[in-house]
Amino acid sequence: MKWIIPVIVFIMLSTAAGTNLIIKNSDNSFKNNEIIDSNGQRTFIFPIGTKINVTVEDKRIEEENISWLSEKQEYFINEPSYHIGVGLKNGKHVLFLTIYSNKSKVSIDYKSPLKTASINAYDLLIITPEKFSRAFERLAKFKEEHGIKTIVATLESIYKSTQGRDDAEKIKYYIKDSVENYGIKYVLLGGSIYKLPIRYVTYYEEYRWKCYSFKMPTDLYYADLYRYDNGIKFSSWDTNNNGIYGEVYYGCNGINDTIDLYPDVYVGRLACNNLVEANVVVNKIIKYEENAYNKNWFNRIILVGGDTFPGNGIIEGEFMNDYIAI
Ligand SMILES: [Ca+2]
Ligand SMILES: [Ca+2]
């Protein structure tokens with residue numbers, strides 16, 4: 001990556017309780033960057049460009065009697081002992097190192113990057129079909145006037161100039177190039193899925209000895225640009241290169257595509273189908289932003305959620321509201 005130069009210093013720092021954890025590092029940054037989730041998994045956050053070397057001595061199977069392992073423990077035994085993902089934390093590009101077991105001796109060596117001046121040519125990239133560009137150029141001008149450096153790219157120019165096996169992959173490579181060359185932090189997709197493609201992932205599940213496939217649409221594809229595999233790689237969402245994206249097999253035979261699911265840029269979509277709709281939504285945004293800023297009601301919010309997936313006894317929407325409200 002262009003924005004980092006690695007430096008190498010190793011100092012033995014600590015042996016933590018729980019996991020027998022030995023961290024050798026060049027600074028104390030990891031200490032304030034540890035997340036412990038509800039399963040007790042530990043995730044460490046490192047700056048992008050950090051070289052990480054993890055050694056795991058798995059003591060679990062030796063220590064535990066396998067016959068009475070819980071379902072969760074069996075799950076962890078079947079999982080790799082650690083995972084490195086590439087994503088965002090507070091707007092910064094980072095690596096997430098997750099240790100899956102608290103019964104292991106884990107040694108983490110890392111070499112911190114030395115950051116060069118970060119590229120900051122543009123903040124927001126708007127991608128839209130040529131026929132909507134008049135509306136989105138107007139939004140770009142408004143954003144520029146309010147300190148958001150904005151660039152508009154048409155689908156037609158992206159398809160002509162950018163590599164990729166299909167239109168969606170060309171868009172994704174264009175976003176990646178814009179992040180690396182211009183320092184883009186936000187992406188706005190200006191067009192419905194009928195005007196600007198969405199990526200469908202494929203999920204396979206066994207039911208009564210037959211394998212069924214399900215397609216699911218997601219714009220997370222455009223946000224999850226990178227994954228970690230002996231260094232930072234472009235995340236194609238098709239690591240077995242068979243033209244089927246985001247393959248996941250549950251009870252069926254097949255090879256999952258490797259995806260870390262951590263977004264690396266903020267992506268949103270205005271799902272307009274024609275220029276009239278594009279102008280209406282741009283007008284609404286401008287009107288809202290001109291009137292909402294500094295008003296005393298601006299920080300009040302009502303969250304509405306319900307039972308998103310009925311039948312399992314969990315009210316996901318309300319849990320999500322509580323999560324957002326914190
Ligand atoms: Ca695939
Ligand atoms: Ca990622």
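**Reading the labels**

Analyst: Happy to. Strand E13 (residues 186-190) and E19 pair in the parallel sense over five bridges, and Tyr-186 stands opposite Tyr-266 in E19. Please keep in mind that this is a predicted model, where local features need pLDDT of at least 70, side-chain atom pairs count only at pLDDT 80 or more, and totals for chains, interfaces and linings use all residues. Residues are numbered from 1 along each chain as its sequence is written, while chains are lettered from A and ligands numbered from 1 in the order in which they are written.

User: Which strands make up the open sheet with parallel pairing, and what makes E12 and E19 its edge strands?

Analyst: Four strands form that sheet, in the order E12-E11-E13-E19. Strand E12 (150-154) and E19 are the edges, as each pairs on one side only. On average, neighbouring strands of this sheet are turned by 20° against each other, direction ignored. Helix H3 packs on the sheet and touches strand E11 (124-128), E12 and E13. The direction of H3 makes about 165° with that of E12; such angles run from 0 to 180 degrees between N-to-C directions, with axes as lines fitted to C-alpha atoms, for helices over the stretch in contact.

User: Why are H3 and H7 called roughly parallel?

Analyst: Helix H3 (residues 133-145) and helix H7 (residues 275-292) pack at an angle of about 15°, with their axes 9 Å apart. Angles under 35 degrees count as roughly parallel, over 145 as roughly antiparallel, 65 to 115 as roughly perpendicular and the rest as oblique. The angle of about 15° is therefore in the roughly parallel class. The crossing of H3 and H7 is left-handed, meaning that the near helix is turned anticlockwise from the far one by less than a right angle (clockwise would be right-handed).

User: Which residues of H3 and H7 meet?

Analyst: On the H3 side they are Ala-135, Phe-136, Arg-138, Leu-139 and Phe-142, and on the H7 side Leu-275, Ala-278, Asn-279, Val-282, Ile-285 and Ile-286. Contact here requires C-beta atoms, placed from the backbone, to lie within 7 Å. By class, this contact has nine nonpolar, one polar and one charged residues. Nonpolar covers Ala, Val, Leu, Ile, Met, Phe, Trp, Tyr, Cys and Pro, charged covers Asp, Glu, Lys and Arg, and the others, Gly among them, are polar.

User: How do you know whether Trp-237 is buried or exposed?

Analyst: A residue is buried if 20 or more other C-beta atoms lie within 10 Å of its own, exposed if 12 or fewer, and partly exposed in between, with C-beta atoms placed from the backbone. Trp-237 has 23 such atoms, so it is buried. Trp-237 lies in the loop between E17 and E18 and has a positive phi of about 65° although it is not a glycine.

User: And why does Asn-230 count as buried or exposed?

Analyst: Asn-230 has 6 C-beta neighbours inside 10 Å, so it counts as exposed. Asn-230 is in the loop between strand E16 (226-228) and strand E17 (232-234), and its positive phi is about 55° although it is not a glycine. Asn-253, with 8 neighbours, also counts as exposed; its place is the loop between strand E18 (248-250) and strand E19 (266-270).

User: What makes E15 hardly covered, and why is it called an edge?

Analyst: Among the nine residues of strand E15 (residues 210-218), the count of buried residues is zero. In the whole protein chain, buried residues make up 25% of the 326 residues. E15 belongs to an open sheet of three strands in the order E15-E14-E18, with mixed pairing. E15 and E18 each have a single partner strand, so one side of each is left without a neighbour in the sheet.

Terms used. Helix = DSSP H or I, 4+ residues; strand = E, 2+ residues; numbered from the N terminus. Contact = placed C-beta atoms within 7 Å. Pairing = 2+ DSSP bridges.
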